[in-house]
Amino acid sequence: MKNKTEYAKYANLSPFELKDSLIELAQSHSDRAMLNAGRGNPNFLATWPRQAFFQLGIFATQESEMSFSYLNEGVGGMPIKAGLTGRFEHFIRQNYNTPGVAFLGKVFSYIRDQLGLDENAFLQEMIEGILGCNYPVPDRMLHFSEDVVKSYILQQMGAQYLDRDNIDLFAVEGGTAAMAYIFNSMKENGLIEKGDKIAIGAPIFTPYLEIPELNDYQLVEVLINSDPNLNWQYPESELRKLEDPSIKAFFVVNPSNPPSVKIDDNSLKIIADIVKKRPELIILTDDVYGTFADDFQSLFAICPQNTILVYSFSKYFGATGWRLGVIATARDNVIDKAIKALPNKTKQILNKRYSSIVTEPENLKFIDRLVADSRAVALNHTAGLSTPQQVQMVLFALCEMMDSDQSYKNALKSLIRRRAASLYQHLGMQHKTDENSVDYYTLVDLEHICRELYDDKFAKWILKNKNPSEMLFRIADEAGVVLLPGKGFAVQHPSARASLANLNEYQYAAIGLSMRKLAEEYYAEYKAKINN
Ligand SMILES: *Cc1c(COP(=O)(O)O)cnc(C)c1O
């Protein structure tokens, strides 16, 4: 066990770096397993769309082997279009009982009967895509892949009523790639400059705090703080900070990480009102957790012209290793307007930058600038997400859309909510939730625990006398449980973030018990001190 000064030296590490020290400590006892509840990586995953992917791959390689088969050397060719559908239907009938095959048959029907797409052309895109035998064309996203994923995004983001023909998607290597691309292109296009103010909804996923501070950007951060006493909603006075005309953009994670609540209807209305007063405000919303919320509505649905939407398939489908995400923008948006309104000199520089891509670079949309910038412009012709990745993305999206009774969604929701209940039950506390809670993460607030389990005086004593990272290190050392400090996510109270997505229920019980034991020990120490 470490002493107090040793614990203190970790205070300035980012939570994800601190995690490594915590893991080391938690693993230091060979007699027990480490419980890492610090990671956002889920321990569940969607199996059906994966089975479908692998079966489609088997069919696609058979198709490829129809060419050059006389060589008999493992050489195939581009899939042959003539008769493809018939051979696919035959494959489905022949292998109907193989896991994933019936799902593929349903996909084919859903594409035709429900989405009204040309199922033959769709199949061709999927077969060529899964073989990965062509560069991604169009580079922003394959044609049918964009169409299908757009339906999924609009449905899941509560934006069904938006005009789908006016929305563009860019398929990217996960939400983190989306963030990196967006920050970079905003800078390259003069939308954010050194010293500019950007507002950040806090607490927030750490990279959103760290990237703007990098010497590449040097932005000034204005925190819009959500309030734990309002179940982590943003008070109106905090949101109204966005009316400051010097704030260029608002970066927000919704539902939030770590508090894990969606922005409520009232706050959505307030933001819509602010946008009316400040039509030039750019909103970047990261809605990775939107698919876990009930009746979710994204800011993209409320203010489509102002909003860049980031969505990732990582969490909901248990697919962090796949690297799948999308960026969505409306065609008629304030970002493109801001680019058009740049000073002539800047525009000339930008026109030159993008002149190799299009004949009228001044009309190149922001989302297409993102694509070009993602490959240093000059390599634009090889930009884009790998085609097999796009195929898996399409199958994930279709799996959710075809699940009319929401069985996967309900199974995941009840799984993570039972874990939350188990943690708090063993901690001996009420777990407060409301209709906006998502519970992908939970923030255990040290002061709050002490007040609930004992009293206000003890809670105050704890705050004054105990270093919150000591709590994390003791829990890692004694119980082998890794949690991340809330502080690194700009949580204002001493707290720990536990993911409810990556351990099993009994392990959350162990975390609850371990924290309760620590509180009991601290209380005994406190009692002994005040009685002296
Ligand atoms: C986990 C997470 C991501 C990461 O997404 P990837 O698609 O895995 O890159 C992005 N944003 C938030 C808020 C997250 O919690």
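Biologist: Into which domains is the chain divided?

Modeller: Keep in mind that this is a predicted model. The assignment gives three stretches of interest: domain 1 takes 4-32 + 407-530, domain 2 takes 48-134, and domain 3 takes 143-401. The C-alpha centres of domain 1 and domain 2 are 48 Å apart.

Biologist: How many of the contacts link residues 24 or more positions apart?

Modeller: Take the contacts in the chain with a separation of 6 or more: 73% of them are between residues 24 or more positions apart. Buried residues, meanwhile, make up 56% of the chain's 532 residues.

Biologist: Where do nonpolar side chains tend to be in soluble globular proteins?

Modeller: They tend to be buried together. Here, the largest nonpolar core has 111 residues, and the members touching the most others are Val149, Phe313, Leu483 and Ile511. Helix α16, residues 387-402, gives the most to this core, with 10 residues. Apart from that core lies another one of 44 residues, including Ile192 and Phe251.

Biologist: Which residues does Ile511 touch?

Modeller: Leaving out residues up to four places away in sequence, Ile511 touches Leu35, Ala37, Leu423, Val481, Leu483 and Leu503. Leu483 is itself among the core members that touch the most others.

Biologist: How do I read a helix, say α7?

Modeller: The general idea is that an α-helix has 3.6 residues a turn, so residues three or four places apart point the same way. Helix α7 runs over residues 143-156 and reaches 20 Å from its first C-alpha to its last, close to the 20 Å expected.

Biologist: Is α7 mostly covered or mostly open, and how many of its residues are buried?

Modeller: Mostly covered: 11 of the 14 residues in α7 are buried. Among them are Phe144, Val148, Val149 and Tyr152, but also Glu146 and Lys150. Just after the helix, Gly158 takes a positive phi of about 65°.

Biologist: Asn225 and Asn229 next. Which is buried and which is exposed?

Modeller: Asn225 has a relative accessible area of 14%, so it counts as buried. Asn229, at 71%, is exposed. Asn225 lies in strand β4, whereas Asn229 is found in the loop between β4 (220-225) and α10 (236-239).

Biologist: How many disulfides does the structure hold?

Modeller: A disulfide is a covalent bond between the sulfur atoms of two cysteines. This structure holds zero disulfides.

Biologist: Are Cys133 and Cys450 buried or partly exposed?

Modeller: Cys450 has 1% relative accessibility, so it counts as buried. Cys133 stands at 28% and therefore counts as partly exposed.

Definitions and conventions. Residues are numbered from 1 along each chain as its sequence is written. This is a predicted model: local features need pLDDT of at least 70, side-chain atom pairs count only at pLDDT 80 or more; totals for chains, interfaces and linings use all residues. Side-chain values use heavy atoms; hydrogens and water are left out. Helices (H or I, at least four residues) and strands (E, at least two) are DSSP runs, numbered from the N terminus. Buried means under 20% relative accessible area, exposed over 50%, partly exposed in between (1.4 Å probe, protein chains only). A nonpolar core is a set of buried Ala, Val, Leu, Ile, Met, Phe, Trp, Tyr and Cys residues joined through side-chain atoms within 4.5 Å. Contact means heavy atoms within 4.5 Å. The expected span of a helix is 1.5 Å times one less than its number of residues. Domain bounds come from an automatic or database domain assignment. A disulfide is a pair of cysteine sulfur atoms within 2.5 Å.
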